Amino acid sequence: MLFDLDNHEGKLNTMTDIITMLGIESSCDDTAAAVVQRINGKANILSSVVVGQEILHAAYGGVVPEIAARAHAEQLDIAVETALIQSGIKLDQIDAVSVTAGPGLIGGVVSGVMCAKGIAAGINKPLIGINHLVGHALTPRMTDSIPYPYLMLLVSGGHCQFLAVFSETEFHRIGGTIDDAPGEAFDKTAKLLGLGYPGGPLVEKAGKKGDPMRFKFPRPLLDRPDCNMSFSGLKTALRRARDLLVLEKGGITEQDRNDLCASFQMAVADTLAEKTNRALDVYKKMANSKYFAIAGGVAANTLISEKLGAVSQQHNFTTFTPPLKFCTDNAAMIAWAGIEQYSAGLVDNMTLAARPRWPIDQKAEPMLGSGKKGAKA
Ligand code: KG4
Ligand code: ZN
């Protein structure tokens, strides 16, 4: 299925052996810049700077868009300058500038796009707008040089989808969440249990000391044969279990909290594992490669990545999980996606727009946050 490149202008002939790309990412709560080179087909990540904003959002238990946008505007120049210094590359050695142009929190995306336009205009080099999800989806090619095609599970705080990746512009969505992303469910669970933000690592840590069998949380949508998922009911089930404990005993003990975390985590892991099993079956009918890649912050969860790895092995697939710093939001993946699109001759111009919504597979039915403005992701 062909990705509709309606944001791209014209084609370039760029069959050079070395491409040097500056990448910029600011679609959520990380301000990031990186310099990546492709030398004879292989990635050389010269720098990858990520300025996190956790401390600014911690008190709210989630990302506050206005605070994020202001912080991006303040940090972008510094992140770019640091990435250039660390890479040893001068601006005039950069072939092009790639930037996340969506989907994401619009204030942050606008900040990044404006910054990239300024740099591209200043050095008179092409500008390339990258879909954030394409950045995640192509990461295993940057870190492990895996060939097309492959099956990808993108599982983060904002996204959860299975993608068959055929080329830098061809993605077929096999399934995804119809409501919350798993990372979001982890963050909300942490908030409900007073653990802090971001919740994933804290829930995982507490869960290690807990009993995963104590609470019987649902495994949503397993009764349906497709590869779609739902995680918002799980969070409601956890809140009910917590409230029941409070009603019965006047509060929850540390052991109760650990058991709640362990049981919640097991429910997410079981659901993702079974849906991965089905997605692999669907993928096998579409392509004959045996590569399965996982990316996104939730891939950092040991139980989840072990379960997914085991399912993939049962299908005789090789599993790739990029190093955590390239699994979570970063600009190296945006630079790499820029390299792939640049070498395919796809560049933008100064009319590049920031897009809060930008589905990676535009032919698939909208499933997440779709409304008057169309599908979010
Ligand atoms: O990919 P990412 O850095 O940002 C985007 O959402 O795009 O993912 C962040 C998400 C957060 O929701 C965080 O709670 C979750 O990944 N996360 C985890 C773990 N580490 C991070 N979830 C479960 N277990 C973890 N160890
Ligand atoms: Zn992301």
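Between which elements does the loop that holds Pro149 lie? I found Pro149 in the loop between H4 and strand S6 (150-155); helices (H or I, at least four residues) and strands (E, at least two) are DSSP runs, numbered from the N terminus.

**Conventions.** I worked on a predicted model, in which local features need pLDDT of at least 70 and side-chain atom pairs count only at pLDDT 80 or more, while totals for chains, interfaces and linings use all residues. Residues are numbered from 1 along each chain as its sequence is written, chains are lettered from A and ligands numbered from 1 in the order in which they are written, and side-chain values use heavy atoms, with hydrogens and water left out.

**Backbone.** I noted that the peptide bond from Tyr148 to Pro149 is cis, with omega near -10°. I placed Pro103 in the loop between strand S4 (96-102) and helix H3 (106-123). Leu221, which is not a glycine, has a positive phi of about 65°; I located Leu221 in the loop between helix H6 (199-207) and helix H7 (232-249). I recorded these sites because most residues other than glycine have a negative phi, and most peptide bonds are trans.

**Domains.** I looked up the domain assignment of the protein chain, which gives domain 1 (5-138 + 326-375) and domain 2 (147-325); such bounds come from an automatic or database assignment. The contact (heavy atoms within 4.5 Å) takes 29 residues from domain 1 and 34 residues from domain 2. Taken over C-alpha atoms, the centres of the two domains are 26 Å apart.

**Interface.** I found that domain 1 and domain 2 bury about 2,500 Å² between them, 64% of it on carbon and sulfur atoms. Buried area is the accessible area (1.4 Å probe) that two parts lose on being put together, summed over both. The elements that give two or more residues to the domain 1 side are helix H1 (54-57), helix H4 (132-144), helix H10 (324-327) and helix H11 (332-343). Of these, H4 gives the most, with five residues. By class, I read 17 nonpolar, seven polar and five charged residues on that side. Here Ala, Val, Leu, Ile, Met, Phe, Trp, Tyr, Cys and Pro count as nonpolar, Asp, Glu, Lys and Arg as charged, and the others, Gly among them, as polar.

**Salt bridges.** How many salt bridges does the rule find across the interface of domain 1 and domain 2? I found zero there, although the structure holds 14; the rule asks for a side-chain nitrogen of Lys or Arg within 4 Å of a carboxyl oxygen of Asp or Glu. One salt bridge is formed by the side chains of Lys188 and Glu184 (3.4 Å, N to O). Both residues lie in helix H5 (residues 182-192), four residues apart, about one turn of the helix.

**Ligand 1.** Of the 17 residues around ligand 1 (a heavy atom within 4 Å), I listed Gly157, Asp187, Gly200, Glu204 and Gly297 as coming nearest. An oxygen atom of ligand 1 is 2.8 Å from a polar backbone atom of Gly157. I also found a ligand 1 oxygen atom 3.1 Å from a polar backbone atom of Gly183. A nitrogen atom of ligand 1 lies 2.7 Å from an N or O atom in the side chain of Glu204.

How values were computed:
A polar contact is a pair of N or O atoms within 3.5 Å; within protein, one must be able to donate a hydrogen and the other to accept it, and residues adjacent in sequence count only if both atoms are side-chain atoms.
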